[in-house]
Amino acid sequence: MARWLDRPFFQQATWGVSVADAATGEVVFESNARRLLKPGSTAKLFTTALALDLLGAGYEIRTDLIPDGRLTRRGTLLGDLIIRGRGDGSFCERLRGNVDGASMAAFVSALREAGVRRVRGDLVLDDAFVPGSGVGTGWTWDDTQYYYGARATALLVDESTVDLVVTPGRREGDPVMARLAPVVRGMSVDASACRTGAPEARGDLMVDRKPGSTVLLCSGFVPAGGGMVTQSVAVLDPVDWFGERLSEALRKGGISLGGVVRVAAGKADDLTHEAAGRRVWTVSSRPVAELVRATMKPSQNLQAQLLFLQSGAVFEGTPNRATEAGGVRALEAFLRRGGIPTSAVRLDEGSGLSRSALVTPEAMVLLLRYMDRHALSQEYREALPVAGKDGTLRSRFRGTPLEGNLR
């Protein structure tokens, strides 16, 4: 291995390697093992281990549905319906059944079971759980237009992403057609700089958005005869879009809304509903073990950041407010329990997208050895991508001895 790392091709690179026996901890090989290096998405190994250790495999994130008014015998809520979110990222089709409408079905079911058929007032979205913009520390501004840079918010649906669908014209040089699927209020597409390319050409579609703009700019080309090209992009206002989708789901589910959809951070706390004996209906997330798999297999940044924030809120004892600082403190406590030097893991958010994240190879090995002996080692292991089979490794190492064996 040393000869491989010393190849002239890697002259301008820095390798950090640590290989150890899982059972004994004996170091088999190392190079720069205690040097702080950028971990990228392998930072998620720490975030998901923290979530399993602190929250537990069966932990569920609760979203409250709070009636601000009396519910009549005929099912009319005489007032507003407040939705207090706590960063549940499982309201998406891939975690709720992969069928149309599955993302919001739990809300419709909870309200119908409670006897609600009409809300005379407003649908109020309380997003106080995640203060600020939701952009992770160390993310760059251009991250936020892509699916992997979707902002972490208290209320969200379908991982705050939609598809940008571009259809080529019939002949080279023709304009293209571009649309968002589904349509998002307040977002539009400008594809005037994008053209149809030659049939044999390789597509070269680029998407950009100026800071503060609501317009996605498409440029480049897509080949004629090649069919539609789809890119996943982040919605600009995840909470607003959640409200759009929820109000639509309620209408389709036979629950009418008399007022408007609006955001009012902290409204649920203002009600002091528990002291007043108010009813609170709840919708729960998928269990944390499932959320960890949904994070690790595809290396999903938003899910990782939400788990990091959730862990911080539980650690700090602030169930209605989460901060990255709380996540950092929770992670440091976890590292100490695992015998991992806190100076060797410097994460300021949960996904690894931060440009300031630093981890040593030795700390990564210590983490994996600790989780290998952990009470939830099976849940952690099952969340890792498998070479040649699934997740980020599904198309790698096929036809080699590593296929199906390397995680």
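Helix H5 (238-252) contributes five residues to the lining of the second largest pocket, the most of any element. The model is predicted: local features require pLDDT of at least 70, side-chain atom pairs count only at pLDDT 80 or more, and totals for chains, interfaces and linings use all residues. Residues are numbered from 1 along each chain as its sequence is written, and side-chain values use heavy atoms, with hydrogens and water left out. Helices (H or I, at least four residues) and strands (E, at least two) are DSSP runs, numbered from the N terminus.

**Pockets**

A pocket is an open set of points on a 1 Å grid over the protein atoms alone, where a 1.4 Å probe fits, with protein on both sides within 12 Å along at least five of seven lines; lining residues have an atom within 4 Å of a point. Grid points are joined across faces, edges and corners, and a volume is the space filled by probe spheres set on the points.

The second largest pocket has a volume of about 780 Å³. Its lining comprises 28 residues, and Cys92, Glu93, Asp158, Glu159 and Thr161 lie nearest its centre. Besides H5, helix H3 (93-96) and strand E7 (161-167) give two or more residues to this lining. By class, the lining of the second largest pocket has 10 nonpolar, eight polar and 10 charged residues. Here Ala, Val, Leu, Ile, Met, Phe, Trp, Tyr, Cys and Pro count as nonpolar, Asp, Glu, Lys and Arg as charged, and the others, Gly among them, as polar.

The largest pocket has a volume of about 1400 Å³. It is lined by 38 residues, with Thr42, Leu45, Met364, Leu368 and Arg407 nearest its centre. Strand E1 (17-20), helix H2 (44-55), helix H10 (361-372) and helix H11 (377-383) each supply at least two of the lining residues. H10 provides the largest share, seven residues. The class counts for this lining are 20 nonpolar, 10 polar and eight charged residues.

**Salt bridges**

Side chains of opposite charge can pair when their charged atoms come close. A salt bridge is taken as a side-chain nitrogen of Lys or Arg within 4 Å of a carboxyl oxygen of Asp or Glu. By this rule the count comes to 21 salt bridges.

| Pair | Closest N to O distance |
|---|---|
| Arg34 and Glu362 | 3.0 Å |
| Arg245 and Asp158 | 3.0 Å |

Arg34 lies in the loop between strand E2 (27-31) and H2, and Glu362 in helix H10, so this pair ties together parts that are 328 residues apart in sequence. Relative accessible area is classed as buried (under 20%), exposed (over 50%) or partly exposed (in between), with a 1.4 Å probe and protein chains only. Glu362, at 28% relative accessibility, is partly exposed.

Arg94 is partly exposed at 37%, whereas Glu159 is buried at 10%.

Arg245 forms a salt bridge with Asp158. Arg245 sits in H5 and Asp158 in the loop between E6 and E7, so the pair ties together parts that are 87 residues apart in sequence. Both Arg245 and Asp158 are buried. Elsewhere, Arg62, Asp64, Arg84, Arg86 and Asp269 are linked in a network of salt bridges.

**A three-stranded sheet**

Strands of a sheet pair through backbone hydrogen bonds, either parallel or antiparallel. Two strands count as paired if DSSP finds at least two bridges between them. Three strands form an open sheet with mixed pairing, in the order E9-E11-E10. Strand E9 (188-197) and strand E10 (204-208) are at the edges, each with a single partner strand, so one side of each is left without a neighbour in the sheet. Neighbouring strands of the sheet are turned by 10 degrees against each other on average, direction ignored; axes are lines fitted to C-alpha atoms, for helices over the stretch in contact, and angles run from 0 to 180 degrees between N-to-C directions.

E9 pairs in the parallel sense with strand E11 (residues 215-223) over eight bridges. Opposite Leu216 in E11 stands Val189, and opposite Leu217 in E11 stands Asp190. E10 and E11 are antiparallel over five bridges, and Asp204 stands opposite Phe221 in E11. E10 and E11 form a hairpin with six residues between them, and Gly212 in the turn has a positive phi of about 85 degrees.
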